[in-house]
Amino acid sequence: MHRADRPPSRRTFLDVTGATVAAGLLAGCSGDSARSDRSGDPAPAASATPTPVAVTGRHQAGVTLPRLAQPHLLALVADLGATVPPGPLLAELGETIRTLTAGSDPRLLGLSPGDMTVTVGVGPRLVRTADATLPGAADLPGFSRERIASRERGGDLLLQICAGDALLLPVAAAALLDQAGDRVQERWRQFGRRGTEVPVAEDRSAPRNLLGFIDGIVGPHTTAEQERDLWLAGPRAVADGTLAVLRRMEIDLTRFAALSVAEQEAVFGRRRASGVPLSGGSADSAPGLGAKTPDGRYLVPVDAHVRRANPTVVGVGHMLRRSYSIDSPAPGLLFISFQNDLRTFTATLARMDTSDALLPFTTTTASATFLILPGYEPQRPLGSTLFG
């Protein structure tokens, strides 16, 4: 029997059922659920149809496309068996992604794919099997404030699934794992969601995070900035891919909430309500790191997060951040950054480690880096430039 014709596994059923129940509970709390039309029947909920996102092309979807990231994410990290060749598996996964996002895969269980994207990355071990000199072949070093189980550090395969409909996440994950079969073993997975989008520039917005601050204001947003700091230029095997860093962090919300608003803003170096740097300007203004008060104090404190993580001060490029707030296994943040040089992340965090007012409120509990593979086409399967 073909994989697509198999009945859903018990795990698939439980994943889908759990998500459906959760959605039903949320719907039951909605004020709109009590509205009725003139016939006395509940009025149908109004919802815009999400715009499908192109799967094939120069880059994989789910990094810069769609431009406004979907509100729901599932990051799934797995290992390949020691003797499993990556090339055929990645090609199969690429084809499965095409059928899932087209809505033609029966394992989607009748759900509309909408704006769902699936982004695939491979870990350093797999990159080294192809060429140890390639970007993506290096593991992340350890840092302070980590409490990471061995199972939740590193990994061979990343499946990043994003969608406007949270029901799609476990269903798509089950289909992809079904396609991979016993060739992969799951390490860990993390669901996340983006907060309310806040305008930060004329044509750009960013979400609030779990601490109430606007997250992801700074980054390579223009095409020129992305070519400089985001996409890999070569060698050909990895060109048009990028490097991803995933860090799951618990956040001490109780201790942070006990601070005054002014103290919270000093931690970040920005106004909580607007995202404007403490040195003034607008939300997308560069922080004035040299600006001082009349009595000589820096307007942006010396240990403020925007100062310690400032790419110009660190001497690195910009990261594209698409982070998601989480509430399980503990309240916190799934930090995801994309960059074309791993040092962009490692040098930034090393500098933050020495003195960043935000770090004492965080504990990292999972960590990994992946080469996000170049885009693919029917004649150029996913992973073929790297693994043939």
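Here are a few notes on the cavity, the aromatic pairs and the charge-over-ring contacts in this predicted model.

1. The volume of the largest cavity is about 60 Å³.

2. What lines it? Val-53, Ala-54, Val-55, Gln-60, Ala-61, Ile-97, Thr-101, Met-116, Thr-117, Val-118 and Tyr-376 make up the lining of the largest cavity. That lining has eight nonpolar residues, three polar and no charged. Helix α2 (86–102) and strand β2 (117–122) each contribute at least two of the lining residues.

3. On to the rings, where the count is six aromatic pairs. One of them is Phe-213 with Phe-256, an edge-to-face pair at 6.3 Å centre to centre with 75° between the planes. The pair connects distant parts of the chain, 43 residues apart: Phe-213 is in the loop between β6 (204–207) and α5 (223–229), while Phe-256 is in helix α6 (residues 253–257). Both Phe-213 and Phe-256 are buried.

4. Phe-256 also pairs with Phe-268: the ring centres are 6.1 Å apart and the planes stand at 90°, so this pair is edge-to-face. Because Phe-256 belongs to helix α6 and Phe-268 to helix α7 (residues 261–268), the pair ties together parts 12 residues apart in sequence. Phe-268 has 8% relative accessibility, so it counts as buried.

5. Taken together, ring pairs join Phe-213, Phe-256, Phe-268 and Phe-361 into a cluster.

6. Lastly, two arginines to look at. Arg-194 lies over the face of Tyr-324, 5.8 Å from the ring centre. Arg-248 has its charged end over the ring of Trp-188, at 5.5 Å from the centre.

How values were computed
Residues numbered from 1 in each chain as written. Predicted model: local features only at pLDDT ≥ 70, side-chain atom pairs only at ≥ 80, totals over all residues. Heavy atoms only, no water. 1 Å grid on protein atoms, 1.4 Å probe; cavity = no way out; pocket = protein on both sides within 12 Å on 5 of 7 lines; lining within 4 Å. Points joined across faces, edges and corners; volume = space filled by probe spheres on them. Helix = DSSP H or I, 4+ residues; strand = E, 2+ residues; numbered from the N terminus. Nonpolar A, V, L, I, M, F, W, Y, C, P; charged D, E, K, R; others polar. Phe/Tyr/Trp six-rings, centres within 6.5 Å; stacked < 30°, edge-to-face > 60°. Buried < 20%, exposed > 50% of the residue type's maximum accessible area, 1.4 Å probe, protein only. Lys NZ or Arg CZ within 6 Å of the ring centre and 35° of its normal.
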